[in-house]
Amino acid sequence: MARNGHGGWLRRGGLSLDHGPLLPTLLLLPSAVLLGGLLAFPLVLGVLLGFKDATIGSEGSFIGLENYRYLLTDPVFRITALNTALYTLVTVLFKLALGLALALILNQRFAGYRFWRSVLLLPYVVPTVLSAFAWWWILDPQFSFISWALVKVGLLGQNINFLGNAVLARGSLMVANIWRGIPFFTVGYLAGLQAIPKELHEAAAIDGASAWQIFWRITWVLLLPLTTILTIFSAIFTFTDFQLIWTITRGGPANATHLFVTLAYQRAIPGGALGEGAAIAGFTLPFLALLAWGALDALRRQE
Amino acid sequence: MSGIRRRTVLGWGLGFAAGRALAQTGTTTGTTTGTTTGTTTGTTTGTTTGTATGMTTGTATGKTEPVFRPEKDASLRLLRWSGFVKSDEELWNANTKKFTEATGVPVNVEYITWEDVRPKAALAANLGTGPDIIMGWYDDPHIYPQKLVDVSDVAELLGKQLGGWYDVARTYGYSNRMKHWIAVPVGGTVECLNYRTSWMKEAGFDQFPKNPDDLLKLFRALKAKGHPGGFALGHAVGDGNNWTHWVLWTFGGKAVEKDNKTIAIAQKPSLDAIQYVQELYAQMAPGVGSWLDPNNNRAFLAGEIGLTNNGISIYYAARKDFPQVAEDINHAPFPIGPVGRPTELANFSQAFIFRYSRFPNAAKEYIRFMLSPDQAGPWVDAMNGYVTPALKQYQTLPVWTKDPKTTPFRDGIARMQHNGYAGEPGQQAAAALAEFIVLDMFADATVSGMTAKDAAARAENRLRRIYRG
């Protein structure tokens, strides 16, 4: 409709925008200005800041790669890099597997399936800060209902110290992140599953394929492009997770749960080391760029 | 529905993902801005715009002449931390209204969560625009002293009239760099050790310990009786920083020497303090490694722990909801170790005026007015001991004696050392505190199981970086 319509009125108005680069340029201009002004410009400023020793009180001077060099020797930064990698890898894997499993179940027509589909979205719909608070209580060393229940039924002698040591704290935060991120995969996969023509499954079944064969040879293969995209987007969100960590541990205990963004925030804003904070954020750029490129590439291949 | 093609659905899924991505850009690209707003939830704006100009207030004190004459058509904006008790903001607003009635200067008071004041103040300093007056914390004014109005006249006048400033208040308000006062000290949210009297007696103590060794014995005995003590070792901005600085300092340790350059944290006194904390940690309630500021309050109120460090908030929460617990609570100053003098740290607030303000005189007059006895007296009384004023005369307020359990909070400012001791207040000291360097040194040596030496070495490395150049 749009195509027919605009050709008509534009020509009647005496404008010949149909040909040449003018129309696309004009149409793209608002978004280019918006993205350039609100994203690209601050991004460039941020990168430049990473090459300075600026603090909140002073402009600072250009020091080249000194911030980056220092960070590579900083044990807290190294733990943070390891945390971020581990946190992203582990949670995305689990979110993908569990999200897909749930999608396969919810794709069946059973009594009340619509209800369960909407229930599933809840972790995703609740604002992260709120769910983080809920998790904070669930993981509380004194008042966790999990600990309470296990102690009550006699399976445990004392409360679980969910956030009080490095290993458990990392694990607990991952569980919270997985809980929150599963619906993203499930919803994506549900959509993907419904788009697979039934005939394919029926034909395979008639040919005597087992349920596993149907899933592995047909469903999974047809879902692969979607998987790439869901994984990349999920990796980007996880890599830059802030609220969950900041609400539940603030990067503690003893800096064991910092991710790049929480460490960058702690050092730059309350700590005032703007240059160093920007450099920490700078370390995330190559990874994010790679992921973004992967997402774009996958999209292109879909076209 | 069955007619939908695969690509359509894929597109829908992508649209969903893209929407999420867009929604997340706040946190993805601008980590800093996105998150600050996330945490600034409780922003309330209490506006007090007095319309009456030059009215006589009719109060008994009715001072008519302002000491600092406000500029013509002046109006003020104040940014301060939201009250820890409701009565704080009520009284502050009422006093502000009185000021407006007396001077004709309208004042817009904005309250934000206490931890969000620092970034906002820094923003105002950097941009050169924002509130005329900010009530900030700790080292804030020393981070950008050149951008602040010289308030020596207000500070000296108040000091002369009201019994003088505590030493630590002067350190926080006076800039050695600028050679004048850059902020008017307001007061501190003093912390004490909160304990259950009956449990302490059960543990065999008639009096609260006065030195660290006895405190350790009390911790042991309390744990044996099933009422362990606990101090936060997670990233608890208030409680965690306060007790760990006390213990470092009371053993004679310090982050930096007086020259504000030489890092001194990896020396013997620190190692003694760390060893002490390792022993103490073994007697603490499980989970202190994850405690943030609210954890000890609720654990104490629920009877899970018998001893912790806190402001007066636990006591007042108990008086409201658990009267029998309140009956049993008492407070004591932190014990004194080898260094032989009190070495407490507490959140300390002062008011400063930015040079970009068009109404510095009105701002000075407002600060003077609000900290004068007719206003500050009822204000401090109404806060029930949450904030201990920085002027000595306010020791005599009824709040400190009408309930003896508040008395230990009265002298908290006198027991304080300034953040960044033995160096100077400033950006470096602020950074060290914000990054939990001292707190994490103790957490490394307890929660993470590092040796005292390694933990101190790690703290030293980071401090070297912070205090470089």
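In which helix of chain A do W212(A) and F215(A) both lie? They lie in helix 11 (residues 211–239), 3 residues apart, about one turn of the helix. The legends below describe close-up views of a predicted model.

**View 1**
W212(A) and F215(A) form a tilted aromatic pair, with 5.8 Å centre to centre and 40 degrees between the planes. W212(A) is exposed, because its relative accessible area is 55% and the cut-off for exposed is over 50%. F215(A), at 17% relative accessibility, counts as buried. F215(A) also pairs with W220(A): this pair is tilted too, at 6.4 Å centre to centre and 40 degrees between the planes. W220(A) is buried, with a relative accessible area of 18%. Over all chains, a search of the whole structure finds 48 aromatic pairs.

**View 1. An aromatic cluster in chain A.**
One aromatic cluster is formed by F51(A), F62(A), Y68(A), F77(A), F239(A), F260(A), F283(A) and F287(A).

**View 2. A nonpolar surface patch that includes L45(A).**
F41(A), V44(A), L45(A) and L48(A) make a nonpolar surface patch of about 390 Å². L45(A) sits in helix 2 (residues 22–49) of chain A. With 45% relative accessibility, L45(A) counts as partly exposed. In soluble globular proteins, nonpolar side chains tend to be buried together.

**View 3. Nonpolar cores and the contacts of F442(B).**
The largest nonpolar core has 162 residues, and the members that touch the most other members are L76(B), W243(B), Y366(B) and F442(B). Not counting residues up to four places away in sequence, F442(B) touches L233(B), T244(B), V247(B), L248(B), A273(B), I274(B) and V277(B). A second, separate core of 23 residues includes I196(A), W220(A), L223(A) and F233(A).

Helix 16 spans residues 373–382 of chain B, and its buried residues are Q375(B), A376(B), G377(B), W379(B), V380(B) and D381(B). Just after helix 16, N384(B) takes a positive phi of about 55 degrees.

**View 4. Chain B as a whole, for orientation.**
Chain B has 21 helices and 12 strands. Of its 469 residues, 60% are buried. Among contacts in chain B between residues at least 6 apart in sequence, 77% join residues at least 24 apart. The accessible surface of chain B comes to about 17800 Å², and 53% of it belongs to carbon and sulfur atoms.

**View 5. I336(B) in a loop between two strands.**
I336(B) is placed in the loop between strand 10 (329–332) and strand 11 (347–353) of chain B. At 31% relative accessibility, I336(B) counts as partly exposed. Leaving aside neighbours within four places in sequence, I336(B) is in contact with K210(B), N211(B), P212(B), T250(B), R341(B) and P342(B). The C-alpha atoms of I336(B) and V247(B) are separated by 9.0 Å, and the two residues are 89 residues apart along the chain.

**View 6. R298(B) and its contacts in chain A.**
R298(B) is found in helix 12 (residues 293–301) of chain B. Apart from neighbours within four places in sequence, R298(B) is in contact with W136(A), W137(A), D140(A) and F143(A). Is R298(B) buried or exposed? R298(B) counts as buried, because its relative accessibility is 14% and the cut-off for buried is under 20%.

**View 7. I413(B) in a loop between two helices.**
The loop between helix 18 (407–410) and helix 19 (427–434) of chain B holds I413(B). I413(B) is buried, with a relative accessible area of 1%. Leaving aside neighbours within four places in sequence, the contacts of I413(B) are Y166(B), V168(B), G187(B), G188(B), V190(B), F348(B), T388(B) and P389(B). Between the C-alpha atoms of I413(B) and Q278(B), 135 residues apart along the chain, the separation is 28 Å.

Conventions
Residues numbered from 1 in each chain as written. Chains lettered and ligands numbered in written order. Predicted model: local features only at pLDDT ≥ 70, side-chain atom pairs only at ≥ 80, totals over all residues. Heavy atoms only, no water. Patch = residues over 30% accessible without salt bridge, like charges linked within 9 Å, V, L, I, M, F, W, Y side chains within 5 Å. Areas by Shrake-Rupley, 256 points an atom, 1.4 Å probe, with all protein chains shown as cover. Salt bridge = Lys/Arg side-chain N within 4 Å of Asp/Glu carboxyl O. Helix = DSSP H or I, 4+ residues; strand = E, 2+ residues; numbered from the N terminus. Buried < 20%, exposed > 50% of the residue type's maximum accessible area, 1.4 Å probe, protein only. Core = buried A, V, L, I, M, F, W, Y, C linked by side-chain atoms within 4.5 Å. Contact = heavy atoms within 4.5 Å. Phe/Tyr/Trp six-rings, centres within 6.5 Å; stacked < 30°, edge-to-face > 60°.
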